[in-house]
Amino acid sequence: MVFVGMDHGTTGISFGIISDEGKPLDVFKIDREDSKAGKVSAIKELSKKVDLESIKLLAMTYAMGDGINSIQPIAMVKDRGIISIEGAGKVTGGGTSVYSEIEESNILTFLIPGLHKNSPSLDPMFKAAYSHQASPEKVSISYCAYLKTKWKNMIVADISSNSVNILIEDGKIRGAIDACIGAMGIVHGPIDLEMIRNIDENKMTANQAFSTAGAVKIANINTKVAIMKDTLLTRYKKGDSLAKLAIDTMIMTIAMEIMGLIGIANNKIEGIVLTGSIGSMKNPIDFKKELNKYLKNKFPINILSSNSGAYGAAQIAKDISKGKNNILGIDVVTK
């Protein structure tokens, strides 16, 4: 028997497959645009990797996950577990196609919620401050980090198209800071005063502002989301001054956010976990080294691969199957 996890990311949908003992077996990614266009089927691709009848349980993430508060069977979920698809970054429809395929399959599937103002497990002050804190894959990423490090008090920094930093204390997610209000990612970032004015003057929508407020804003990159990171890194390697400023600025904002979370933690932080396509990067940017210029080696830093969201979801599937009823403070509901 195997367990599968699905990570609904900005540029693609990743699947992680693990054995009954929790050993990683395979991981693959589907392009969102290809999925929407019908060029690729998630179930067919999955069947190439593993016998579908051998999948004991699949745990998946989808969009903001703000319509549910617990990890629950997909059959129980209404409206795909979201309040609205609007205002959540670039919408392609690729993730929706994959959701439909899984929903129509015979695979036992659980949906993981996001972190938001109606999440009963979070610190009331975080919920009061922010209507939305993190999308569901941050839960699976955090679980992967928790299982690997055994740290009960840590910061999990997922750095890729956007940057989300999660505070975990006493083995539970206390709260997080999403990209629209905190640190920059490659694509997404906080909406500042100039952008608010542009929105008020109808020069752009708030979603357009959010989707261009990351490092790409500084480097003046305006291409398809799927190639923004590669474009920025190519310019960085060539010594482009704006690209370097963009990367350096992004790292500074991430350090500010991490230190802010450490500052309000009730417990001593045991370490920091970096993941995501940028957080786990060593070349051309040694992200850990650059971040440590601000953290000054005060905390152990562990790096997870950019597949941590998919594998973390698979680990959640495995542990649900074995009777676990709570994941990092989030209840598992079976009926």
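Start by selecting helix α5 (residues 137-149) and helix α13 (residues 308-321): their axes come within 7 Å and cross at roughly 80°. Axes here are lines fitted to C-alpha atoms, for helices over the stretch in contact, and angles run from 0 to 180 degrees between N-to-C directions. Helices (H or I, at least four residues) and strands (E, at least two) are DSSP runs, numbered from the N terminus.

This is a predicted model: local features need pLDDT of at least 70, side-chain atom pairs count only at pLDDT 80 or more, and totals for chains, interfaces and linings use all residues. Residues are numbered from 1 along each chain as its sequence is written, and side-chain values use heavy atoms, with hydrogens and water left out.

Now show the side chains between the two helices. On α5, pick Glu137, Val139, Ser140, Ile141, Tyr143, Cys144 and Leu147. They meet Ser308, Gly309, Gly312, Ala313, Gln315, Ile316 and Asp319 in α13. Contact means heavy atoms within 4.5 Å. By class, this contact has 7 nonpolar, 5 polar and 2 charged residues. Ala, Val, Leu, Ile, Met, Phe, Trp, Tyr, Cys and Pro count as nonpolar, Asp, Glu, Lys and Arg as charged, and the others, Gly among them, as polar.

**First sheet**

Next, select the open sheet of 5 strands, in the order β11-β10-β9-β12-β13, with mixed pairing. Two strands pair if DSSP finds at least two bridges between them. At the edges are β11 (172-177) and β13 (301-303), each pairing on one side only. Neighbouring strands are turned by 20° against each other on average, direction ignored. Zoom in on β10 (residues 163-169): 5 bridges join it to β11, and the two run antiparallel. Leucine 167 stands opposite glycine 175 in β11.

The 24 residues of α10 (residues 241-264) should span 34 Å at 1.5 Å a residue, and the end C-alpha atoms are 35 Å apart, which agrees. That expected span is 1.5 Å times one less than the number of residues. Aspartate 240 caps the N-terminal end of α10, with a side-chain oxygen 3.0 Å from the backbone nitrogen of leucine 242.

Strands β1 (residues 2-8) and β4 (residues 55-60) pair in the parallel sense over 5 bridges. Valine 2 stands opposite isoleucine 55 in β4.

**Two loop stops**

Select arginine 80, in the loop between β5 (72-73) and α3 (94-104). Its phi is positive, about 60°, although it is not a glycine. Finish at proline 284, between α11 (276-279) and α12 (287-295). The peptide bond from asparagine 283 to proline 284 is cis, with omega near 10°.

Methods. A polar contact is a pair of N or O atoms within 3.5 Å; within protein, one must be able to donate a hydrogen and the other to accept it, and residues adjacent in sequence count only if both atoms are side-chain atoms.
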